[in-house]
Amino acid sequence: MLPIEIILVRHGESEGNIVHKASRKGDNRQFTPEFRDRHSRSFRLTDKGIAQAKAAGEWLLANVPMPLDRFYVSDYIRAKETAALLSLPNAQWRVEYQLRERDRALDDNMPDDERRALYAREQQQYELDPFLAYPAGGGESIAQMCLRMKADFLEHAARECFDKRIIAVCHGHVMRPLQLELEHLGHDDFIRLDESDDPKDKIHNCQIFWYTRRDPDTQKLMPALVARRSICAMGAVGDTGWQRIPRHKYSNDDLLTEVARYPRHVAGCLK
């Protein structure tokens with residue numbers, strides 16, 4: 001059984017976020033030799049990221065009953081900095097390396113144009129299917145991230161924290177696989193969310209996902225997670241309020257409708 005409540009928080013805006021965002025627009029000025037000679041694990045928060053972390057902490061203190069029971073944080077520096085700046089009462093953070101960011105292998109901390117030139121084949125594979133594709137050099141696919149979250153972090157949470165309320169400060173590519181697992185979503189759901197232009201489908205810096213087994217209407221404690229609330233304390237998406245988590249089941253006709261979205265491309269398949 002999963003914890004009574006699971007609160008996920010993405011780290012605030014980091015040095016890497018702004019440098020890579022500029023690079024995608026063709027500006028590589030901040031990719032200095034000193035900046036490139038680092039692993040992305042060491043990125044710090046920007047001033048904006050610090051403000052985001054403090055705002056997220058203020059929202060949590062104002063809206064979530066305190067104290068929480070268990071505190072987890074990725075071993076990446078930007079996550080640790082965010083966790084500390086939330087200023088949660090009685091926090092004793094457990095540094096959990098399984099909450100680390102997705103392994104980007106040879107793609108790590110590289111300008112966008114250089115990555116596309118060196119690893120065109122890997123980019124092509126990513127564009128074909130971003131759920132299954134591996135970064136250049138054998139990093140992690142999103143499918144592997146789902147397995148890492150399910151087999152380690154969620155298994156641990158179910159075993160040790162089924163009667164607790166927990167928080168984990170981590171990364172966008174950690175929160176998305178956890179979302180897929182906790183909300184019973186799948187491969188096509190990931191692609192839909194990944195390709196969406198709707199800000200509500202993105203995982204923004206210091207975005208909060210709050211999951212609960214306590215029914216928002218009756219306050220009755222349920223055996224499985226029943227609702228999620230998504231909050232961005234500093235951002236246009238704001239607070240979604242509680243949204244129930246549906247359990248997706250498909251009839252034969254539902255499956256065939258899904259199959260029909262994928263046309264055949266080989267002549268003579270039907271005899």
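A residue is called buried when its relative accessible area is under 20%, exposed when over 50%, and partly exposed in between, using a 1.4 Å probe and protein chains only. The model described here is predicted, so local features need pLDDT of at least 70, side-chain atom pairs count only at pLDDT 80 or more, and totals for chains, interfaces and linings use all residues. Residues are numbered from 1 along each chain as its sequence is written, and side-chain values use heavy atoms, with hydrogens and water left out.

**Helix H7**

Helices (H or I, at least four residues) and strands (E, at least two) are DSSP runs, numbered from the N terminus. Helix H7 covers residues 142-160, which is 19 residues. From its first C-alpha to its last it reaches 26 Å, close to the expected 27 Å; the expected span is 1.5 Å times one less than the number of residues. H7 has a kink of about 30°, centred on Lys150. The bend at a residue is the angle between axes fitted to the seven residues ending there and the seven starting there.

The buried residues of H7 are Ile142, Met145, Cys146, Arg148, Met149, Phe153, Leu154, His156 and Ala157. They pack against strands S2 (70-74) and S4 (165-170) and helices H8 (172-182) and H9 (187-195). Contact means heavy atoms within 4.5 Å.

H7 and H8 pack at about 70°, with their axes 9 Å apart. This makes H7 roughly perpendicular to H8, a label used for angles of 65 to 115 degrees, whereas under 35 counts as roughly parallel, over 145 as roughly antiparallel and the rest as oblique. Axes are lines fitted to C-alpha atoms, for helices over the stretch in contact, and angles run from 0 to 180 degrees between N-to-C directions.

**Strand S4**

Six of the six residues of S4 are buried. Arg165, Ile167 and Val169 lie on one side, and Ile166, Ala168 and Cys170 on the other. In a regular strand the side chains alternate between the two faces of the sheet. The table lists the pairings of S4.

**Cys161**

Cys161 sits in the loop between H7 and S4 and is buried, with a relative accessible area of 0%. Leaving aside residues up to four places away in sequence, Cys161 touches Pro3, Ile4, Arg70, Tyr72, His156 and Ile166. The C-alpha atoms of Cys161 and Arg70 are separated by 7.9 Å, although these residues are 91 apart along the chain.
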